[in-house]
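Subject: A structure for you to look at

Hi,

Here is the structure I promised to pass on.

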Amino acid sequence: MTLVLRVVVLVFGLFMLLQFFLVHPAVSWLSGRLNQWTNIVLGASLFLGVVSLGRAQVRTISKKAAGWGYAAVTLLGLIVTVLAGFIGGVEVGGLFQKIFDHLLFPLEAMTFALLAFYIASASFRAFRVRSVEATVMLLAAVIVILGRVPLGQILGSVWSDVARFILEYPNAGAKRAMTIGVGLGAAAMSIKVILGIERTYLGSGGK
Amino acid sequence: MGALRDRVAGLAAIDRRVIFVVIIAAVILPFYVPLGLKVTPGPGSRRFFDEVDRAARSGRPVLVSVDFGPDTEAENGQMLKGVLDHVFGRGGKAVVLTFQPTGRGVAERYLKEAGRAKIEGRDYVFLGYKPSPANVMLNMGRSFDLDFTTDAHGTPLGDLPLMREVKSYADLSLIVAVANNAIPRFWIQFAVEPFKVPLVTGLTGTMSPQFYPYLQAGQTRALLAGMQEAAEYEALLKEAGLASSPGLALRGMDSQSLAHAAIVLFIVLGNIGYLASRRRKR
(Lines give C-alpha, C1' and ligand atoms only; values in the text may rest on other atoms or scores of the structure.)
Protein backbone atom coordinates (compact mmCIF):
# COMPACT_ATOMS: atom_id res chain seq x y z
CA MET A 1 0.00 0.00 0.00
CA THR A 2 2.85 2.36 0.91
CA LEU A 3 4.51 1.63 -2.43
CA VAL A 4 1.29 2.51 -4.30
CA LEU A 5 1.04 5.81 -2.40
CA ARG A 6 4.68 6.60 -3.14
CA VAL A 7 4.14 5.96 -6.85
CA VAL A 8 1.03 8.19 -6.81
CA VAL A 9 3.05 10.97 -5.13
CA LEU A 10 5.91 10.52 -7.62
CA VAL A 11 3.65 10.67 -10.71
CA PHE A 12 1.48 13.57 -9.56
CA GLY A 13 4.37 15.45 -7.97
CA LEU A 14 6.41 15.29 -11.16
CA PHE A 15 3.44 16.29 -13.29
CA MET A 16 2.63 19.32 -11.11
CA LEU A 17 6.26 20.39 -11.43
CA LEU A 18 6.54 19.78 -15.17
CA GLN A 19 3.27 21.58 -16.02
CA PHE A 20 5.17 24.87 -15.72
CA PHE A 21 7.62 23.76 -18.42
CA LEU A 22 5.36 21.85 -20.84
CA VAL A 23 3.28 24.10 -23.06
CA HIS A 24 0.68 21.79 -24.58
CA PRO A 25 -3.14 21.99 -24.50
CA ALA A 26 -3.38 18.46 -23.06
CA VAL A 27 -1.05 19.34 -20.18
CA SER A 28 -2.98 22.54 -19.55
CA TRP A 29 -6.29 20.64 -19.59
CA LEU A 30 -5.03 17.93 -17.22
CA SER A 31 -3.44 20.35 -14.77
CA GLY A 32 -6.69 22.35 -14.72
CA ARG A 33 -8.59 19.17 -13.77
CA LEU A 34 -5.99 18.23 -11.15
CA ASN A 35 -6.28 21.67 -9.60
CA GLN A 36 -10.05 21.16 -9.38
CA TRP A 37 -9.48 17.82 -7.63
CA THR A 38 -7.17 19.53 -5.15
CA ASN A 39 -9.89 22.06 -4.37
CA ILE A 40 -12.40 19.25 -3.79
CA VAL A 41 -9.99 17.46 -1.45
CA LEU A 42 -9.38 20.76 0.36
CA GLY A 43 -13.14 21.28 0.72
CA ALA A 44 -13.39 17.85 2.32
CA SER A 45 -10.49 18.63 4.64
CA LEU A 46 -12.28 21.82 5.77
CA PHE A 47 -15.25 19.63 6.69
CA LEU A 48 -12.92 17.28 8.60
CA GLY A 49 -11.48 20.32 10.39
CA VAL A 50 -14.93 21.43 11.53
CA VAL A 51 -15.77 17.91 12.76
CA SER A 52 -12.44 17.68 14.57
CA LEU A 53 -12.95 21.09 16.21
CA GLY A 54 -16.48 20.10 17.31
CA ARG A 55 -15.28 16.78 18.77
CA ALA A 56 -12.46 18.43 20.71
CA GLN A 57 -14.89 20.95 22.24
CA VAL A 58 -17.44 18.24 23.15
CA ARG A 59 -14.69 16.22 24.84
CA THR A 60 -13.54 19.25 26.86
CA ILE A 61 -17.11 20.05 27.95
CA SER A 62 -18.04 16.46 28.87
CA LYS A 63 -14.90 16.11 31.02
CA LYS A 64 -15.46 19.58 32.54
CA ALA A 65 -11.76 20.16 31.82
CA ALA A 66 -10.09 23.52 32.42
CA GLY A 67 -11.61 26.18 30.18
CA TRP A 68 -14.74 24.12 29.37
CA GLY A 69 -16.79 27.32 29.38
CA TYR A 70 -14.75 28.66 26.46
CA ALA A 71 -15.23 25.34 24.67
CA ALA A 72 -19.01 25.68 25.15
CA VAL A 73 -18.95 29.19 23.66
CA THR A 74 -16.84 27.95 20.71
CA LEU A 75 -19.22 25.05 20.07
CA LEU A 76 -22.31 27.25 20.38
CA GLY A 77 -20.77 29.81 18.03
CA LEU A 78 -19.91 27.10 15.52
CA ILE A 79 -23.41 25.55 15.56
CA VAL A 80 -25.31 28.85 15.45
CA THR A 81 -23.17 30.28 12.65
CA VAL A 82 -23.39 27.12 10.53
CA LEU A 83 -27.18 26.92 11.03
CA ALA A 84 -27.58 30.64 10.27
CA GLY A 85 -25.67 30.15 7.02
CA PHE A 86 -27.51 27.01 5.95
CA ILE A 87 -31.02 28.16 6.90
CA GLY A 88 -30.93 31.89 6.22
CA GLY A 89 -28.19 32.02 3.57
CA VAL A 90 -25.06 34.14 3.61
CA GLU A 91 -26.44 37.20 1.85
CA VAL A 92 -26.21 40.75 3.21
CA GLY A 93 -29.03 41.37 5.70
CA GLY A 94 -29.30 37.74 6.81
CA LEU A 95 -28.47 36.39 10.28
CA PHE A 96 -25.14 34.97 9.10
CA GLN A 97 -23.97 38.36 7.86
CA LYS A 98 -25.31 40.02 11.06
CA ILE A 99 -23.24 37.59 13.17
CA PHE A 100 -20.23 38.52 11.04
CA ASP A 101 -20.85 42.28 11.22
CA HIS A 102 -21.86 42.57 14.86
CA LEU A 103 -19.92 39.76 16.58
CA LEU A 104 -16.93 38.55 14.58
CA PHE A 105 -16.03 41.95 13.15
CA PRO A 106 -15.70 43.85 16.47
CA LEU A 107 -14.14 40.84 18.23
CA GLU A 108 -11.41 40.37 15.64
CA ALA A 109 -10.76 44.11 15.39
CA MET A 110 -10.57 44.40 19.18
CA THR A 111 -8.15 41.48 19.49
CA PHE A 112 -5.87 42.96 16.84
CA ALA A 113 -6.11 46.45 18.37
CA LEU A 114 -4.78 45.07 21.65
CA LEU A 115 -1.53 44.36 19.81
CA ALA A 116 -0.78 48.09 19.71
CA PHE A 117 -0.50 48.15 23.50
CA TYR A 118 1.64 45.04 23.67
CA ILE A 119 3.91 46.27 20.88
CA ALA A 120 4.38 49.58 22.73
CA SER A 121 5.17 47.77 25.97
CA ALA A 122 7.45 45.22 24.26
CA SER A 123 9.34 47.97 22.36
CA PHE A 124 9.94 49.78 25.62
CA ARG A 125 11.45 46.65 27.19
CA ALA A 126 13.28 45.19 24.16
CA PHE A 127 14.97 48.19 22.52
CA ARG A 128 17.90 48.75 24.88
CA VAL A 129 21.46 49.80 24.04
CA ARG A 130 22.88 46.54 25.40
CA SER A 131 25.37 45.97 22.56
CA VAL A 132 26.48 47.50 19.25
CA GLU A 133 24.05 45.25 17.32
CA ALA A 134 21.15 46.14 19.64
CA THR A 135 21.97 49.84 19.26
CA VAL A 136 21.98 49.60 15.45
CA MET A 137 18.60 47.84 15.59
CA LEU A 138 17.24 50.46 17.98
CA LEU A 139 18.34 53.32 15.73
CA ALA A 140 16.87 51.65 12.64
CA ALA A 141 13.60 51.04 14.50
CA VAL A 142 13.33 54.64 15.71
CA ILE A 143 14.05 56.02 12.22
CA VAL A 144 11.42 53.75 10.61
CA ILE A 145 8.82 54.26 13.39
CA LEU A 146 8.95 58.03 12.93
CA GLY A 147 9.73 58.04 9.22
CA ARG A 148 6.59 56.13 8.29
CA VAL A 149 4.18 58.74 9.72
CA PRO A 150 3.64 62.42 8.84
CA LEU A 151 5.57 63.36 11.98
CA GLY A 152 8.72 62.17 10.17
CA GLN A 153 8.08 64.78 7.48
CA ILE A 154 8.10 67.49 10.16
CA LEU A 155 11.53 66.25 11.23
CA GLY A 156 12.70 66.78 7.66
CA SER A 157 12.39 64.96 4.36
CA VAL A 158 15.81 63.35 5.01
CA TRP A 159 14.23 61.42 7.90
CA SER A 160 11.58 59.87 5.63
CA ASP A 161 14.19 59.23 2.93
CA VAL A 162 16.43 57.35 5.37
CA ALA A 163 13.42 55.30 6.58
CA ARG A 164 12.60 54.42 2.95
CA PHE A 165 16.26 53.57 2.31
CA ILE A 166 16.28 51.17 5.30
CA LEU A 167 13.15 49.43 4.01
CA GLU A 168 14.17 49.28 0.36
CA TYR A 169 17.82 48.23 0.75
CA PRO A 170 19.03 46.60 4.00
CA ASN A 171 15.55 45.19 4.72
CA ALA A 172 14.91 44.03 1.15
CA GLY A 173 18.40 42.50 0.91
CA ALA A 174 17.97 40.51 4.12
CA LYS A 175 14.46 39.47 3.12
CA ARG A 176 15.64 38.39 -0.34
CA ALA A 177 18.36 36.22 1.22
CA MET A 178 15.81 34.58 3.51
CA THR A 179 13.36 34.03 0.64
CA ILE A 180 16.05 32.37 -1.48
CA GLY A 181 17.05 30.16 1.47
CA VAL A 182 13.45 29.17 2.20
CA GLY A 183 12.84 28.54 -1.52
CA LEU A 184 15.87 26.25 -1.83
CA GLY A 185 14.83 24.42 1.34
CA ALA A 186 11.28 23.94 0.06
CA ALA A 187 12.56 22.72 -3.33
CA ALA A 188 14.89 20.22 -1.64
CA MET A 189 12.10 18.97 0.62
CA SER A 190 9.68 18.66 -2.34
CA ILE A 191 12.22 16.59 -4.30
CA LYS A 192 12.70 14.32 -1.28
CA VAL A 193 8.91 13.83 -0.98
CA ILE A 194 8.45 13.23 -4.73
CA LEU A 195 11.31 10.69 -4.84
CA GLY A 196 10.05 8.92 -1.72
CA ILE A 197 13.11 9.74 0.41
CA GLU A 198 10.98 11.72 2.87
CA ARG A 199 8.00 9.55 3.90
CA THR A 200 6.85 10.84 7.28
CA TYR A 201 3.68 12.24 5.63
CA LEU A 202 2.53 8.62 5.27
CA GLY A 203 2.29 8.28 9.07
CA SER A 204 3.85 5.59 11.31
CA GLY A 205 7.28 6.95 10.49
CA GLY A 206 6.72 6.34 6.80
CA LYS A 207 7.07 2.57 7.11
CA MET B 1 22.17 63.13 44.00
CA GLY B 2 21.75 59.44 44.81
CA ALA B 3 17.96 59.81 45.01
CA LEU B 4 17.84 61.53 41.63
CA ARG B 5 20.01 58.77 40.12
CA ASP B 6 17.63 56.15 41.58
CA ARG B 7 14.67 57.97 40.11
CA VAL B 8 16.30 58.16 36.68
CA ALA B 9 17.23 54.46 36.89
CA GLY B 10 13.56 53.76 37.68
CA LEU B 11 12.66 54.90 34.15
CA ALA B 12 13.89 51.51 32.94
CA ALA B 13 10.96 49.88 34.70
CA ILE B 14 7.97 52.12 33.92
CA ASP B 15 4.73 50.30 34.79
CA ARG B 16 3.19 48.96 31.59
CA ARG B 17 -0.20 50.35 32.66
CA VAL B 18 1.29 53.84 32.31
CA ILE B 19 2.37 52.92 28.76
CA PHE B 20 -1.13 51.62 27.96
CA VAL B 21 -2.82 54.81 29.24
CA VAL B 22 -0.46 57.04 27.24
CA ILE B 23 -1.06 54.99 24.07
CA ILE B 24 -4.86 55.18 24.55
CA ALA B 25 -4.61 58.95 24.96
CA ALA B 26 -2.31 59.26 21.92
CA VAL B 27 -4.78 57.34 19.75
CA ILE B 28 -8.02 58.95 20.94
CA LEU B 29 -7.09 62.60 21.52
CA PRO B 30 -6.33 63.53 17.88
CA PHE B 31 -9.87 62.52 16.87
CA TYR B 32 -11.15 65.35 19.12
CA VAL B 33 -8.21 67.75 18.78
CA PRO B 34 -6.78 67.19 15.27
CA LEU B 35 -3.11 67.98 14.89
CA GLY B 36 -3.59 68.74 11.21
CA LEU B 37 -0.38 67.02 10.13
CA LYS B 38 0.13 67.27 6.39
CA VAL B 39 0.23 64.05 4.38
CA THR B 40 2.47 64.40 1.33
CA PRO B 41 2.14 61.57 -1.22
CA GLY B 42 5.43 59.77 -1.76
CA PRO B 43 6.68 57.78 -4.77
CA GLY B 44 5.11 54.50 -3.54
CA SER B 45 1.54 55.79 -3.34
CA ARG B 46 1.94 57.78 -6.59
CA ARG B 47 3.04 54.67 -8.46
CA PHE B 48 0.09 52.73 -7.01
CA PHE B 49 -2.32 55.52 -8.00
CA ASP B 50 -0.92 55.67 -11.53
CA GLU B 51 -1.16 51.90 -12.05
CA VAL B 52 -4.78 51.70 -10.84
CA ASP B 53 -5.65 54.82 -12.83
CA ARG B 54 -4.20 53.43 -16.06
CA ALA B 55 -6.00 50.09 -15.51
CA ALA B 56 -9.35 51.71 -14.68
CA ARG B 57 -9.19 53.86 -17.83
CA SER B 58 -8.12 50.94 -20.06
CA GLY B 59 -11.68 49.67 -20.53
CA ARG B 60 -10.72 46.20 -19.31
CA PRO B 61 -11.83 45.07 -15.83
CA VAL B 62 -9.62 45.09 -12.73
CA LEU B 63 -9.45 42.02 -10.49
CA VAL B 64 -9.52 42.91 -6.79
CA SER B 65 -8.41 40.26 -4.31
CA VAL B 66 -9.70 41.07 -0.80
CA ASP B 67 -7.40 39.03 1.43
CA PHE B 68 -7.92 40.49 4.85
CA GLY B 69 -10.45 40.21 7.65
CA PRO B 70 -11.84 42.53 10.28
CA ASP B 71 -8.57 42.42 12.24
CA THR B 72 -6.68 44.73 9.87
CA GLU B 73 -9.70 46.52 8.48
CA ALA B 74 -8.41 49.86 9.83
CA GLU B 75 -5.41 49.64 7.49
CA ASN B 76 -6.56 47.49 4.56
CA GLY B 77 -10.16 48.73 4.51
CA GLN B 78 -9.14 52.22 3.47
CA MET B 79 -6.97 50.80 0.69
CA LEU B 80 -9.86 48.67 -0.60
CA LYS B 81 -12.28 51.59 -0.39
CA GLY B 82 -9.81 53.77 -2.27
CA VAL B 83 -9.28 51.17 -5.02
CA LEU B 84 -13.02 50.59 -5.53
CA ASP B 85 -13.78 54.34 -5.53
CA HIS B 86 -10.91 54.87 -7.95
CA VAL B 87 -11.96 52.14 -10.40
CA PHE B 88 -15.67 53.01 -10.31
CA GLY B 89 -14.91 56.75 -10.36
CA ARG B 90 -13.03 56.32 -13.64
CA GLY B 91 -15.87 54.28 -15.11
CA GLY B 92 -13.95 51.02 -14.76
CA LYS B 93 -15.24 47.57 -13.86
CA ALA B 94 -14.16 45.22 -11.08
CA VAL B 95 -14.14 41.49 -10.49
CA VAL B 96 -13.78 40.89 -6.76
CA LEU B 97 -12.89 37.69 -4.89
CA THR B 98 -11.29 36.58 -1.65
CA PHE B 99 -9.05 33.75 -0.48
CA GLN B 100 -9.67 34.45 3.20
CA PRO B 101 -12.85 33.12 4.86
CA THR B 102 -13.50 36.36 6.74
CA GLY B 103 -12.74 38.36 3.60
CA ARG B 104 -16.18 37.64 2.19
CA GLY B 105 -18.02 39.76 4.78
CA VAL B 106 -15.50 42.58 4.41
CA ALA B 107 -15.66 42.56 0.61
CA GLU B 108 -19.48 42.57 0.57
CA ARG B 109 -19.54 45.53 2.96
CA TYR B 110 -17.16 47.67 0.87
CA LEU B 111 -18.69 46.64 -2.46
CA LYS B 112 -22.14 47.58 -1.22
CA GLU B 113 -20.89 51.04 -0.28
CA ALA B 114 -18.61 51.76 -3.24
CA GLY B 115 -20.91 50.16 -5.80
CA ARG B 116 -24.07 52.04 -4.74
CA ALA B 117 -24.43 53.71 -8.13
CA LYS B 118 -23.25 50.65 -10.04
CA ILE B 119 -25.02 47.58 -11.31
CA GLU B 120 -23.89 44.22 -9.99
CA GLY B 121 -23.15 41.82 -12.81
CA ARG B 122 -22.49 44.60 -15.31
CA ASP B 123 -20.08 46.94 -13.48
CA TYR B 124 -18.80 44.56 -10.84
CA VAL B 125 -18.99 40.92 -9.89
CA PHE B 126 -18.30 39.33 -6.55
CA LEU B 127 -17.02 35.76 -6.91
CA GLY B 128 -16.89 35.10 -3.15
CA TYR B 129 -14.44 32.97 -1.20
CA LYS B 130 -12.34 30.10 -2.51
CA PRO B 131 -9.84 28.00 -0.58
CA SER B 132 -6.54 26.86 -2.08
CA PRO B 133 -5.29 30.07 -3.72
CA ALA B 134 -2.45 28.45 -5.72
CA ASN B 135 -4.73 26.07 -7.64
CA VAL B 136 -7.47 28.62 -8.21
CA MET B 137 -4.97 31.21 -9.46
CA LEU B 138 -3.44 28.74 -11.91
CA ASN B 139 -6.89 27.77 -13.16
CA MET B 140 -8.02 31.38 -13.57
CA GLY B 141 -5.11 31.87 -15.95
CA ARG B 142 -6.62 29.18 -18.17
CA SER B 143 -10.31 29.85 -17.63
CA PHE B 144 -12.31 31.39 -14.80
CA ASP B 145 -15.09 28.82 -15.20
CA LEU B 146 -12.75 25.97 -14.18
CA ASP B 147 -13.27 26.99 -10.55
CA PHE B 148 -16.13 29.48 -10.66
CA THR B 149 -19.45 28.36 -12.07
CA THR B 150 -21.50 31.04 -10.27
CA ASP B 151 -20.82 34.31 -8.47
CA ALA B 152 -21.06 34.58 -4.66
CA HIS B 153 -24.86 34.86 -4.86
CA GLY B 154 -25.36 31.78 -7.02
CA THR B 155 -25.89 33.52 -10.36
CA PRO B 156 -24.30 31.49 -13.19
CA LEU B 157 -21.28 33.27 -14.66
CA GLY B 158 -22.83 33.06 -18.13
CA ASP B 159 -25.73 35.24 -16.93
CA LEU B 160 -23.40 38.04 -15.80
CA PRO B 161 -22.56 40.49 -18.63
CA LEU B 162 -19.19 41.36 -17.07
CA MET B 163 -18.11 37.71 -16.87
CA ARG B 164 -18.91 37.23 -20.53
CA GLU B 165 -16.01 39.67 -21.14
CA VAL B 166 -13.66 37.96 -18.69
CA LYS B 167 -12.49 34.46 -19.54
CA SER B 168 -8.95 34.54 -18.14
CA TYR B 169 -6.24 36.94 -16.95
CA ALA B 170 -5.69 37.98 -20.57
CA ASP B 171 -8.99 39.92 -20.35
CA LEU B 172 -7.98 41.84 -17.23
CA SER B 173 -6.02 45.08 -17.02
CA LEU B 174 -4.62 44.61 -13.51
CA ILE B 175 -4.78 42.53 -10.34
CA VAL B 176 -5.00 44.51 -7.11
CA ALA B 177 -4.26 42.42 -4.03
CA VAL B 178 -5.20 44.06 -0.72
CA ALA B 179 -3.95 41.78 2.02
CA ASN B 180 -2.68 41.28 5.53
CA ASN B 181 -1.02 37.96 4.72
CA ALA B 182 1.22 36.24 2.16
CA ILE B 183 -1.49 35.71 -0.51
CA PRO B 184 0.06 38.38 -2.80
CA ARG B 185 3.10 36.08 -2.96
CA PHE B 186 0.80 33.40 -4.42
CA TRP B 187 -0.37 35.95 -6.99
CA ILE B 188 3.26 36.51 -7.97
CA GLN B 189 4.04 32.79 -8.18
CA PHE B 190 0.89 31.55 -9.84
CA ALA B 191 -0.45 34.48 -11.86
CA VAL B 192 2.16 37.18 -12.48
CA GLU B 193 5.00 34.86 -13.52
CA PRO B 194 3.19 32.13 -15.51
CA PHE B 195 0.59 34.40 -17.16
CA LYS B 196 2.39 37.79 -17.22
CA VAL B 197 -0.53 39.69 -15.69
CA PRO B 198 0.35 42.96 -13.88
CA LEU B 199 -0.11 43.13 -10.10
CA VAL B 200 -0.16 45.89 -7.51
CA THR B 201 -0.41 45.26 -3.76
CA GLY B 202 -1.81 47.05 -0.75
CA LEU B 203 -0.41 45.59 2.46
CA THR B 204 -0.41 46.22 6.17
CA GLY B 205 2.62 47.95 7.68
CA THR B 206 3.76 44.67 9.22
CA MET B 207 3.55 42.67 5.96
CA SER B 208 4.95 45.25 3.57
CA PRO B 209 8.67 44.95 4.50
CA GLN B 210 8.54 41.37 3.16
CA PHE B 211 7.45 42.55 -0.29
CA TYR B 212 10.15 45.10 -1.16
CA PRO B 213 12.21 42.44 -3.03
CA TYR B 214 9.18 41.74 -5.27
CA LEU B 215 8.69 45.47 -5.82
CA GLN B 216 12.31 45.88 -6.90
CA ALA B 217 12.00 42.87 -9.22
CA GLY B 218 8.89 44.43 -10.81
CA GLN B 219 6.77 41.44 -9.86
CA THR B 220 4.47 43.80 -8.04
CA ARG B 221 4.39 47.06 -9.96
CA ALA B 222 3.46 49.15 -6.92
CA LEU B 223 3.21 48.62 -3.19
CA LEU B 224 0.93 50.57 -0.87
CA ALA B 225 2.49 50.03 2.54
CA GLY B 226 0.51 50.53 5.73
CA MET B 227 -1.85 53.26 6.84
CA GLN B 228 0.61 56.04 5.97
CA GLU B 229 0.57 55.19 2.26
CA ALA B 230 -3.17 54.43 2.41
CA ALA B 231 -3.57 58.02 3.62
CA GLU B 232 -1.30 59.27 0.83
CA TYR B 233 -3.43 57.35 -1.69
CA GLU B 234 -6.56 58.96 -0.20
CA ALA B 235 -4.92 62.38 -0.61
CA LEU B 236 -4.19 61.58 -4.29
CA LEU B 237 -7.79 60.45 -4.84
CA LYS B 238 -8.98 63.71 -3.30
CA GLU B 239 -6.63 65.66 -5.56
CA ALA B 240 -8.04 63.81 -8.58
CA GLY B 241 -11.62 64.56 -7.50
CA LEU B 242 -12.37 60.91 -6.80
CA ALA B 243 -13.00 61.40 -3.06
CA SER B 244 -14.89 64.31 -1.56
CA SER B 245 -13.86 64.23 2.09
CA PRO B 246 -10.78 62.98 3.95
CA GLY B 247 -11.06 59.24 4.55
CA LEU B 248 -10.36 57.31 7.72
CA ALA B 249 -6.71 56.73 6.84
CA LEU B 250 -6.06 60.46 6.51
CA ARG B 251 -7.92 61.14 9.75
CA GLY B 252 -6.04 58.32 11.48
CA MET B 253 -2.60 59.68 10.65
CA ASP B 254 -2.64 62.13 13.58
CA SER B 255 -3.34 59.25 15.96
CA GLN B 256 -0.70 57.07 14.41
CA SER B 257 1.88 59.87 14.48
CA LEU B 258 1.22 60.59 18.14
CA ALA B 259 1.23 56.89 19.08
CA HIS B 260 4.53 56.36 17.24
CA ALA B 261 5.99 59.42 18.99
CA ALA B 262 4.84 58.02 22.34
CA ILE B 263 6.51 54.67 21.61
CA VAL B 264 9.78 56.41 20.68
CA LEU B 265 9.55 58.54 23.84
CA PHE B 266 9.19 55.41 25.97
CA ILE B 267 12.12 53.77 24.18
CA VAL B 268 14.28 56.84 24.92
CA LEU B 269 13.16 57.00 28.57
CA GLY B 270 13.76 53.27 28.96
CA ASN B 271 17.30 53.65 27.67
CA ILE B 272 18.05 56.64 29.90
CA GLY B 273 16.92 54.52 32.85
CA TYR B 274 18.90 51.53 31.61
CA LEU B 275 22.13 53.54 31.26
CA ALA B 276 21.63 55.16 34.68
CA SER B 277 21.07 51.81 36.36
CA ARG B 278 24.16 50.37 34.64
CA ARG B 279 26.29 53.27 35.88
CA ARG B 280 24.87 52.82 39.39
CA LYS B 281 25.84 49.13 39.39
CA ARG B 282 29.42 50.02 38.45
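Arg109(B) is partly exposed, at a relative accessible area of 31%. (Buried means under 20% relative accessible area, exposed over 50%, and partly exposed in between, with a 1.4 Å probe and protein chains only.)

Before going on, a word on the ground rules. This is a predicted model, in which local features need pLDDT of at least 70 and side-chain atom pairs count only at pLDDT 80 or more, while totals for chains, interfaces and linings use all residues. Residues are numbered from 1 along each chain as its sequence is written, chains are lettered from A and ligands numbered from 1 in the order in which they are written, and side-chain values use heavy atoms, leaving out hydrogens and water.

How many salt bridges are there between chain B and chain A? The count is two. Besides the pair above, Arg148(A) forms one with Glu229(B), where the closest N and O atoms are 3.5 Å apart. Glu229(B) belongs to helix 10 of chain B (helices are DSSP runs of H or I with at least four residues, strands are E runs of at least two, and both are numbered from the N terminus). Glu229(B) counts as buried, at 7% relative accessibility. Its side chain also reaches the backbone nitrogen of Ala225(B) at 2.9 Å.

Now for the whole interface. In total, 63 residues of chain B are in contact with 53 residues of chain A (contact means heavy atoms within 4.5 Å). The two chains bury about 5,200 Å² between them, with 62% of it on carbon and sulfur atoms. (Buried area is the accessible area, with a 1.4 Å probe, that two parts lose on being put together, summed over both.)

Chain A itself has seven helices and zero strands. Its radius of gyration, taken over C-alpha atoms, is 26 Å, well over the 17 Å that the globule rule gives for 207 residues, so chain A is more spread out than a compact globule. (That rule is 2.2 Å times the number of residues to the power 0.38.) Of those 207 residues, 23% count as buried.

Over all chains, the structure holds 13 salt bridges. One of them lies within helix 3 (residues 43-57) of chain B, where Arg54(B) and Glu51(B) are three residues apart, about one turn of the helix. Their closest N and O atoms are 3.0 Å apart. Arg54(B) is partly exposed at 39% relative accessibility, whereas Glu51(B) is buried at 14%.

Another pair is Lys93(B) with Glu165(B), at 3.2 Å from N to O. Lys93(B) lies in the loop between helix 4 (73-89) and strand 2 (94-98) of chain B and Glu165(B) in helix 7 (residues 161-165), so the pair ties together parts that are 72 residues apart in sequence. Finally, salt bridges with shared partners join Glu51(B), Arg54(B) and Arg221(B) into one network.

Happy exploring!

Notes: A salt bridge is a side-chain nitrogen of Lys or Arg within 4 Å of a carboxyl oxygen of Asp or Glu. A polar contact is a pair of N or O atoms within 3.5 Å; within protein, one must be able to donate a hydrogen and the other to accept it, and residues adjacent in sequence count only if both atoms are side-chain atoms.
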